[in-house]
Amino acid sequence: MKMNYQKTIYACFVGYIVQAIVNNFVPLLFLMFHDSYGIPLEKITLLVTFNFGLQLLVDLCSIGFVDRIGYRASMILAHVLAASGMILLTVLPDLFADSFAGLLIAVIIYAVGGGLLEVLVSPVMEACPTDNKETAMSLLHSFYCWGHVGVVLISTIFFQLAGIEKWKILAVLWAVIPLLNAVLFTAVPMAPLVEEGEKGLSVKELFSLKIFWILLLMMVCSGASEQGVSQWASALAEHSLGISKTVGDLAGPMTFAIFMGSARAYYGRKGERIDLERFMYGSSILCAAAYLMIALIPIPALGLVGCGLCGLSVGIMWPGTFSMASAAIKRGGTAMFALLALAGDVGCSAGPTLAGAVSGILGDDLRKGIMAAVIFPVLLVISLIIKKENTKKVLGEGNE
């Protein structure tokens, strides 16, 4: 009897919404933590560092245990940890003499859940029998964008209506989503990532493949291209348009996220009629153009337009690279997805870091920092060219 995987696909969609909650809710509370607990802002920003640093570590460690305990158990654990961390945010800071320690423990718990989700959701979705894997993957990744937009919008409306001092209620409400999805993952069917009787490639075997190194570089460039502007979008909106920080937080990041989600949703709906490789080429070139637009055109409103175009251009990069990897390396398994996620996270850190470092060296000129980060979409174009040539060579050798 053929199983219906539609509920599994829906659960994966919600999984990326959960990751968006984990990554984007707490930064909205930084000033509240500063005012309520007397924690210096420099210390509070360490919460973001720990969140993404731990997700990197989980990406790496998951290679050793996900296959052992199984995808279902790992997925349930990820959701429970995400929910637990969100709930503990409301309790631990008041229980510890040092409120920051309480916040940090809560962040560590939900960061482990978020890191697991990053490794698990894409391969679980990839394993589901769908008509077009590439479009399904793109549509899946669009839900992170919609989750990001939803978290910012709903949280902002809640704070306006109920007051930001009621943030603990909202944190518990956000925790309900991963708890319900954990229950869903106890029952939905889950297809195996590799065919029965086969074994996924080891890390050593993956690293012996030239195509895998190219895909790793593509993931680094994808993450860097995406976050190089995304992490600075609020500052760009505030600096370029001279608007308030609250409006800047909404205008910059939300414009970026909406356009990125739209690109992913569009490919998810129409992708079967679009060549993925050409779409990736076009997106990379548009991304480079958007970076240059932000950096070189001294018209304030165009800075925000550049943010939107950048979001539109980077939408396909991360899910597109995942799809290319699945097609090129058939038995990649958990190790492949975990290492690709790790490379993507390295890029997510490298992009904004390079932009920030260069802008600092050049007198805090953020436009010049963005100009330097244009190297990442350019490198992605080069990687795509190398991948195409490598594929031709492999096919040619196979026909000899």
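The structure is a predicted model: local features need pLDDT of at least 70, side-chain atom pairs count only at pLDDT 80 or more, and totals for chains, interfaces and linings use all residues. Residues are numbered from 1 along each chain as its sequence is written, and side-chain values use heavy atoms, with hydrogens and water left out. Helices are DSSP runs (H or I, at least four residues), numbered from the N terminus.

**Helix α9**

- Helix α9 covers residues 167-185, which is 19 residues.
- At 1.5 Å a residue it should span 27 Å, and its end C-alpha atoms lie 28 Å apart, so the two agree. The expected span is 1.5 Å times one less than the number of residues.
- Buried residues of α9 are Trp 167, Leu 170, Ala 171, Trp 174, Ala 175, Pro 178, Asn 181, Ala 182 and Phe 185. Buried means under 20% relative accessible area, exposed over 50%, and partly exposed in between (1.4 Å probe, protein chains only).
- The arc is that of the directions from the helix axis to the C-beta atoms.
- Leu 180 and Val 183 are exposed, on the face of α9 turned away from its buried side.
- The cover over the buried residues of α9 includes α1 (6-24), α2 (30-37), α5 (71-88) and α8 (133-162).

**Helix α2**

- Phe 30, Met 32, Phe 33 and Tyr 37 are buried in α2.
- Seen down the axis of α2, its buried residues fall within an arc of 160°, so they line one face of the helix.
- Leu 31 and Asp 35 are exposed on the face of α2 turned away from its buried side.
- Packing partners of the buried residues of α2 are α3 (41-44), α4 (46-69), α6 (92-95), α7 (99-127) and α9.
- Gly 38 follows α2 and has a positive phi, near 70°.

**The α11 and α16 pair**

- Two packed helices are described by the angle between their axes and the distance between the axes.
- Helix α11 (residues 210-230) packs with helix α16 (residues 317-328) at an angle of about 170°, with axes 9 Å apart. Axes are lines fitted to C-alpha atoms, for helices over the stretch in contact, and angles run from 0 to 180 degrees between N-to-C directions.
- The two helices are therefore roughly antiparallel, a term for angles over 145 degrees.
- On the α11 side, the contact includes Ile 211, Leu 215, Met 218 and Met 219. On the α16 side, it includes Met 317, Trp 318, Thr 321 and Phe 322. Contact means heavy atoms within 4.5 Å.
- By class, this contact has ten nonpolar, four polar and one charged residues. Ala, Val, Leu, Ile, Met, Phe, Trp, Tyr, Cys and Pro count as nonpolar, Asp, Glu, Lys and Arg as charged, and the others, Gly among them, as polar.

**Single residues**

- His 79 sits in helix α5 and counts as buried at 0% relative accessibility.
- Not counting residues up to four places away in sequence, His 79 touches Gly 15, Val 18, Leu 117, Pro 178, Asn 181, Ala 182 and Phe 185.
- Ala 224 lies in α11 and is buried, with a relative accessible area of 0%.
- Leaving aside neighbours within four places in sequence, Ala 224 contacts Tyr 291, Gly 347, Cys 348, Gly 351 and Phe 376.
- Leu 304 belongs to helix α15 (residues 300-314) and counts as partly exposed at 24% relative accessibility.
- The C-alpha atoms of Leu 304 and Thr 255 are separated by 7.9 Å, with the residues 49 apart along the chain.

Notes:
Parallel < 35°, antiparallel > 145°, perpendicular 65-115°, else oblique.
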